[in-house]
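Please look over the structure shown here, with attention to its surface, its contacts and its sheet. A short briefing by topic follows.

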Amino acid sequence: MSGPKPYGSTLMAPGEVWLVGAGPGDPDLLTRKAEKLIRAADVVFFDALVGPGVLDLIPSGVERVSVGKRSGRHSKAQGSIDDLLLEAARAGKRVVRLKGGDPSIFGRSAEEMDHLTAAGVAVRICPGVTTASAAAASGLASLTLRGVARGLTLVTAHLKAGEPLKLDWETLARPGGTLGVYMGRAAAGEIGRSLIAAGRDPDTPVMIAVNVSLPNERLIRGKLSALAFLVATISDDDPTLLLIGEAVEARPELVREVAKMADAIA
């Protein structure tokens with residue numbers, strides 16, 4: 001009787017590329033499929049925001065290539081990353097492109113898929129936990145709330161140097177929803193002022209999530225009018241998400257009850 005087939009023969013063929021969501025950083029938030037793909041790969045191209053615990057799951061014999069991009073310090077241009085993926089696939093390698101969060105949420109997955117498929121390379125996506133979901137979980141909050149937040153809007157404030165932040169502020173300022181702003185630390189002051197100018201209540205609750213799901217995670221709560229002040233102590237190197245809306249308002253009574261239950265279990 002033959003033994004079990006290796007992961008690579010069932011999940012990923014030679015010359016195939018998988019865009020894999022690494023989640024917000026905590027390896028326990030990886031999907032089981034993502035971990036299998038990482039272990040099946042011949043080469044893993046990974047972003048700067050992929051958590052160290054996730055990288056530890058890459059087997060010792062697997063080639064690792066850092067293609068991380070951080071604000072103002074790009075180690076690889078997107079075109080170069082596209083070409084590296086294509087080169088590895090054409091060499092017959094099983095390729096994992098490991099992306100922080102979910103590949104399809106501000107992960108440039110479409111650009112990489114277009115480049116690869118145009119060259120005849122098979123490419124697939126393994127979704128991951130996006131930072132907004134993980135941040136809400138850490139803060140014991142809900143991104144939607146019946147009768148309060150009927151929708152969720154995710155935007156990015158990441159800009160090229162000197163590029164103005166152009167968003168539909170009137171739409172984003174409408175009540176009745178939660179706004180999540182990825183990479184919003186540097187533009188927090190402008191975001192707060194623009195939303196208030198467009199009609200959002202200055203007292204709207206905000207939750208600033210830093211290093212989500214990692215041991216050094218920080219959650220900072222306050223009001224929209226104080227957004228610029230609230231981010232003042234956050235380092236340029238700390239990945240930061242802004243959550244804005246009534247649904248993310250702090251609920252001290254819930255925090256106390258959860259703490260009591262945790263103490264009882266301990």
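The protein chain has an accessible surface of about 13,700 Å², and carbon and sulfur atoms contribute 53% of that area, as computed by the Shrake-Rupley method with a 1.4 Å probe. This is a predicted model, in which local features need pLDDT of at least 70 and side-chain atom pairs count only at pLDDT 80 or more, whereas totals for chains, interfaces and linings use all residues. Residues are numbered from 1 along each chain as its sequence is written, and side-chain values use heavy atoms, with hydrogens and water left out.

**Chain as a whole**
- Of the 266 residues in the protein chain, 43% are buried, a term that stands for under 20% relative accessible area with a 1.4 Å probe, protein chains only.
- Among contacts (heavy atoms within 4.5 Å) with a separation of 6 or more, 70% are between residues 24 or more positions apart.
- The protein chain holds ten helices and twelve strands, taken as DSSP runs of H or I with at least four residues and of E with at least two, numbered from the N terminus.

**The open sheet**
- Five strands, in the order S3-S2-S6-S1-S7, form an open sheet with parallel pairing, where two strands pair if DSSP finds at least two bridges between them.
- Strand S3 (63-66) and strand S7 (123-126) are the edge strands, each of which pairs on one side only.
- From one strand to the next, the twist averages 20°, with axes fitted to C-alpha atoms and angles running from 0 to 180 degrees between N-to-C directions.

**Pairing and packing**
- Strand S2 (residues 43-46) pairs with S3 in the parallel sense over four bridges, and Val-44 stands opposite Arg-64 in S3.
- Helix H2 (residues 32-40) packs on the sheet, where it touches strand S1 (17-21), S2, strand S6 (95-99) and S7, and its direction makes about 135° with that of S1.

Methods
Buried means under 20% relative accessible area, exposed over 50%, partly exposed in between (1.4 Å probe, protein chains only).
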